[in-house]
Amino acid sequence: MDSFPFTGIRWIKMAAFGSERWLNDLPNHAIFQKIREKLDCEPNGNARGVAKNLTFCLGGDLFVWDDSDRVFYTTNLRHLNTEESFSNVSGSHQTLLCINPPLFELCQVLLSPTQHHVALVGLRGVSVLELPQRWGKRSEFEGGRSAINCKTIPVAERFFTSSPSVILRQAAWYPGETDEPHLVLLTSDNTVRFYGLKSPQTPAKVLSVSQSEEDTSGHPPVRSYAASLGEIAVAFDFGSISSPLRQLAAQFSKDQLVYPLYILYENGETYVSYTSLSKGVSLTKPMGPLPMYPAAEDNYGYDACSILCLPCLPSILVIATETGTLYHCVVLESEEEEETRAVEKWIRGAEAVPALYVFECVELELTLKVATGDDEEPQDLDFTCPIRLHRDPLCQQRYHCTHEAGVHSVGLIWVNKLQKFLQSGEEDMDNLQELAAEKRCIVEHILCTRPLLSSQSAPVLGFVIVSDLSLGATMICITSTYECILLPLLSSIRPPSPPLLCTHPAPGSGSSPLRGLADNSFEQHIRNILARSSTNPLVLKAGDKDTSPPPPECLQLLSRATQVFREEYILKQDMAREEMQRRVKLLTSQKNKQLEELTLCREERKSLREAAERLADKYEDAKYRQETIMNKVKKVLGSLQSRLPILSNSEKDMKKEVQTISDQLRHLDNCIKQVNMKMEYQKTQVHKDVPAARTKVSLNAQQKKVVQDVLREQGQQIGDMMKQIKDIKGHFSF
């Protein structure tokens, strides 16, 4: 992955779809100037801050929370690219005022799934701000008014007022977009509460997540024991929507969709509860702890602080600890009966719980690791801080981490191989080997706000990903001094776009089969060589000389940056260059060898063509001679057959046929003689009857017609017989 090895700068100029102006104007916008002026007037009483997220983006609108005035400032990023904003250097913005502003300090703002409400989250309460309507030419809030009063709904205000020792650990919107908006709150008394906006003071559902039955009473000593053992729920997250399990058929119908709620405890254990809002808030008891494979003695560490469920299939849970360790767990069905029996003592049932298969473990470099001299003592690098996990709206396989020391981005490039392996019906050893050989996730240290342990605490106060592609895929970070840093999102983690149909080779195309076997192996080999295990993040420059690090520490940072450049850039580029040179030599030698073989093939083709012509001439000559010989053989055989004293079968058959014809001729000759005799007899009789015939015989018309027909038929018969006799005589030459 590409890194950003620039130090001492506030923003980076980049070109994205021809929209550079807003990237240049946003860091110097009037919103940040106004908030920075207020920060200069206020004393800094907090020695160590905590990472917050006081900004969000809705389409092309950027919202920034001003905690001193309890207002939202918003500006349209697309408007910054127009010609009108170019004349207004400071930039126009709108102010969203809270009718009932929260009295507590905010640590996070959350946009609802319906994009109509914003949750203002603090350690001692939650309020919901309702966004105003839009209208006008530019679709601005209330037609572009500068200040707008917004309805603010306090949530669970009565509960936090009556429970001063309870703090809010995490809040989130229920992920359903079609149902009524619900807020889910996790408090320090190991309880998850669901609140609807119609009744914000009364929870719609209460779920106890205590691991021990004695802890449900809520006595402070019992809670302190649970806290010392790490049995305190610290974070939760919703998984992807799915159909209910067969074991939950009694609680949910078949057509009812549920969201799994993953609950993380400080000791690293994870529980799951299935929730639904289709018929009111319905949920199951927490089931767990979920078994983790392969098993570890320390249960994969302690001091867990955050959990994130990536919207992949299968689901991938990211568990973060305060020491900077990230565990990537694949959620699959559990097939171990022993683990099911161990869970039954908690859930009092026989429900099957999913299992977490730890695919990899990642160690984040929270503060920069600098090299120490020979005479210096090694530094104590046990730096811990809470870590916030953020989804990436543009890529499901990537997420981001914000903390007191900066920002990290993590890309899971093995998800596609995992999905391909799981989709195969049978055990595919090739896919399994590819998955095992796949390079692990890519970790990018984007921003470093606290390079050394001795540096002043400078947590990130805002983090947002601009999902509007017309503005360019951009990451916006707001530092503790409200400096706006814009960084381009890395594209190497995104899955490749599907190829066009025109790029697929035709069935009859002459593509080389070796290309399919190679599968860009050399390109992947170069990528593996250039892959970096560490990078130089963007380090903020201290504006105050008193707070800037001393020269020895600056020298250490410079040495560290130089070492990273040498080891991760120059050396690997040299290795890649040498590998490409060897590849070029190999390909050149192969090309020369193929050219020689091509010349030999052309000569052989020429000789084969000449040989084919000679063979064609010989074939024609042989064919003519063969026909001549066959004719001679036929004549010889005919003469031999005629000289034989014995008749052949054909001659015998012909003899029989001639004899038959001779017999027929004799019979016809006798018939002719008889006819002639009858004709003579008829003539004699006619001559005898001539005198008597002188007497006139009177015949009517009918009798004449009959006599004529009889004579005509007999004449035709006689003519036919005479014709046959002539044919027979002509055939036998009589």
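Predicted model: local features only at pLDDT ≥ 70, side-chain atom pairs only at ≥ 80, totals over all residues.
Strand β18 spans residues 270-276 and is mostly covered. Seven of its seven residues are buried. In a regular strand, side chains alternate between the two faces of the sheet. Thr270, Val272, Tyr274 and Ser276 point one way from β18. Tyr271, Ser273 and Thr275 point the other way. Residues in both sets are buried.

On one pairing, β18 runs antiparallel to strand β17, which covers residues 259-265. Six bridges join the two strands. Within this pairing, leucine 261 has serine 273 of β18 as its bridge partner. Strands β17 and β18 form a hairpin with four residues between them. Glycine 268 in this hairpin takes a positive phi near 95 degrees.

Strand β18 also pairs with strand β19, residues 282-283. This pairing is antiparallel and involves two bridges. Five residues lie between β18 and β19 in their hairpin. In the turn, glycine 280 has a positive phi of about 80 degrees.

The cysteines were examined next. A disulfide is a covalent bond between the sulfur atoms of two cysteines. With a cut-off of 2.5 Å between sulfur atoms, the count comes to zero disulfides. Cysteine 309 is in no disulfide. The nearest cysteine sulfur belongs to cysteine 312 and lies 8.4 Å away. Cysteine 309 counts as buried because its relative accessible area is 2%, under the 20% cut-off. Cysteine 107 is also buried, at 14% relative accessibility.

Terms used: Residues numbered from 1 in each chain as written. Heavy atoms only, no water. Buried < 20%, exposed > 50% of the residue type's maximum accessible area, 1.4 Å probe, protein only. Pairing = 2+ DSSP bridges.
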